Amino acid sequence: MTESIKGAKKSFENDLKEANTKDTLEKLYIKYLSRKGLISVLMAKMAGLPAEVKPLAGEELNLLKAHIKKEIEAKKSSALFGPENLGEKIDITLPGIKPQEGHLHPITKTLNEINDIFISFGFEIAEGPEIEREFYNFEALNIPLEHPSRDAFDTFYIESDYLLRSHTSTVQIRIMEKRKPPIQAIMPGKVYRPDAVDASHSSMFHQVEGLMVDKGIKFSDLKGLLELFTKRMFGRNIKTRFRPSFFPFTEPSAEVDISCIICGGKGCRVCSHTGWLEILGAGMVNPRVFEAVGYSAKKLTGLAFGMGVERIAMLRYGIDDIRLFFENDIRFLEQF
Ligand code: 2NL
């Protein structure tokens with residue numbers, strides 16, 4: 001018996017030397033260690049041995065079995081089977097696999113750009129609460145009780161006197177209440193209106209409003225400021241147009257258009273063939289607003305403006321449905 005075990009060991013050592021691929025090693029495993037392999041055959045033979053040699057033969061056989069197992073495993077995991085010997089070519093100069101990175105939302109990007117432009121003009125950024133009182137959202141802004149936007153259908157009321165702000169002018173009122181002029185600030189933030197949601201309406205959107213209050217602020221300052229802003233935001237060849245309009249909180253008031261960034265002013269589907277796109281509302285602060293915050297309407301003048309961030313982002317990126325911003329579809333967001 002010892003002889004056949006020795007023979008088996010020798011034959012294994014020879015086989016192992018020859019086995020230089022995963023396949024041949026696998027075959028060795030089958031030849032020696034499988035259920036019908038050489039070790040099993042010898043085990044079976046051992047059953048017929050006399051009792052006095054059985055334990056020794058058993059021990060030798062078990063040692064051989066362990067030896068074979070160890071050797072096959074060792075060779076399998078040896079450098080012989082490293083990638084360079086398996087026909088794989090690894091180019092270590094290739095860049096690694098980049099982890100998936102997130103980025104800012106297109107609305108946040110647009111908001112940051114608007115903020116940066118006004119910061120470069122010397123404006124500060126002010127923020128305030130989204131839950132407001134009627135005084136800040138309406139009264140102080142000269143929006144009287146009978147004004148249609150005070151109707152419960154146009155404002156989210158929480159309970160009497162508490163509502164979700166429908167513009168960020170509320171923050172301007174708070175700043176003026178707290179501080180003396182000169183004031184030069186913009187107020188970016190979320191605003192809420194219970195509009196029926198469609199391609200151009202969302203019940204929450206973002207607004208940036210701006211305010212400058214001092215002695216001697218003129219309408220020409222407003223024009224110059226907003227013209228510079230539109231050129232920085234949309235390009236230096238963009239033209240600006242002021243159209244007379246009405247807001248309760250400014251007098252006079254204007255709506256500001258830019259020459260269509262799609263067709264350059266020739267007329268297309270996006271600008272409804274007018275060559276112009278409306279992007280801002282603006283005006284000189286109504287003296288009644290100054291009175292509401294305790295400023296002297298005799299000594300002071302001010303300019304104010306407001307814009308919808310979604311609208312600007314839609315024009316800049318060529319997006320035709322506002323709902324895309326809020327659906328969190330990764331296929332949409334990945335594009336920015
Ligand atoms: C628009 C128009 C505007 C203002 C906002 C304002 C604020 C105060 C006083 C006077 Cl405290 N005016 N804000 C003025 C004109 C227009 O927004 O179309 N926004 C999207």
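About 170 Å³ of space lies in the second largest pocket. The structure is a predicted model, in which local features need pLDDT of at least 70 and side-chain atom pairs count only at pLDDT 80 or more, while totals for chains, interfaces and linings use all residues. Residues are numbered from 1 along each chain as its sequence is written, and side-chain values use heavy atoms, with hydrogens and water left out.

**Second largest pocket**

- Its lining is made up of Gln100, Glu101, Gly102, His103, Leu104, His105, Pro106, Ile330, Leu333 and Glu334.
- By class, four of these lining residues are nonpolar, four are polar and two are charged.
- The charged class is Asp, Glu, Lys and Arg; the nonpolar class is Ala, Val, Leu, Ile, Met, Phe, Trp, Tyr, Cys and Pro; the others, Gly among them, are polar.
- The volume is the space filled by probe spheres set on the points, which are joined across faces, edges and corners.

**Around the ligand**

- The shell around the ligand holds 17 residues, of which Gln172, Glu209, Phe249, Gly281 and Ala304 come nearest; a residue belongs there if one of its heavy atoms lies within 4 Å.
- Nine residues of this shell are nonpolar, seven are polar and one is charged.
- Strand 10 (301–308) is among the elements that supply at least two shell residues each, as are helix 7 (169–178), strand 6 (204–214) and strand 9 (276–285).
- Strand 10 contributes the most, with five residues.
- Helices (H or I, at least four residues) and strands (E, at least two) are DSSP runs, numbered from the N terminus.
- The side chain of Glu209 has an N or O atom 2.8 Å from a nitrogen atom of the ligand.
- Gly306 places a polar backbone atom 3.4 Å from a nitrogen atom of the ligand, and for a polar side-chain atom of Gln207 the distance to a ligand nitrogen is 3.5 Å.
- On its own the ligand has 480 Å² of accessible area (Shrake-Rupley method, 1.4 Å probe), and the protein covers 89% of this.

- Seven strands form an open, mixed sheet in the order 1-5-6-10-9-8-7.
- Strand 1 (124–125) and strand 7 (240–247) are the edge strands, each pairing on one side only; two strands pair if DSSP finds at least two bridges between them.
- Strand 8 (250–259) runs antiparallel to strand 9, with eight bridges.
- Ser259 has Trp276, in strand 9, as its bridge partner.

**Backbone details**

- Most residues other than glycine have a negative phi, and most peptide bonds are trans.
- The peptide bond between Pro181 and Pro182 is cis, with omega about 5°; Pro182 sits in the loop between helix 7 and strand 5 (183–192).
- Another cis bond runs from Glu251 to Pro252, with omega near -5°, and Pro252 is in strand 8.
- Asn142 has a positive phi, near 65°, and lies in the loop between helix 6 (134–137) and strand 3 (157–159).

Notes. Polar contact = N/O pair within 3.5 Å; in protein donor to acceptor, adjacent residues only side chain to side chain. 1 Å grid on protein atoms, 1.4 Å probe; cavity = no way out; pocket = protein on both sides within 12 Å on 5 of 7 lines; lining within 4 Å.
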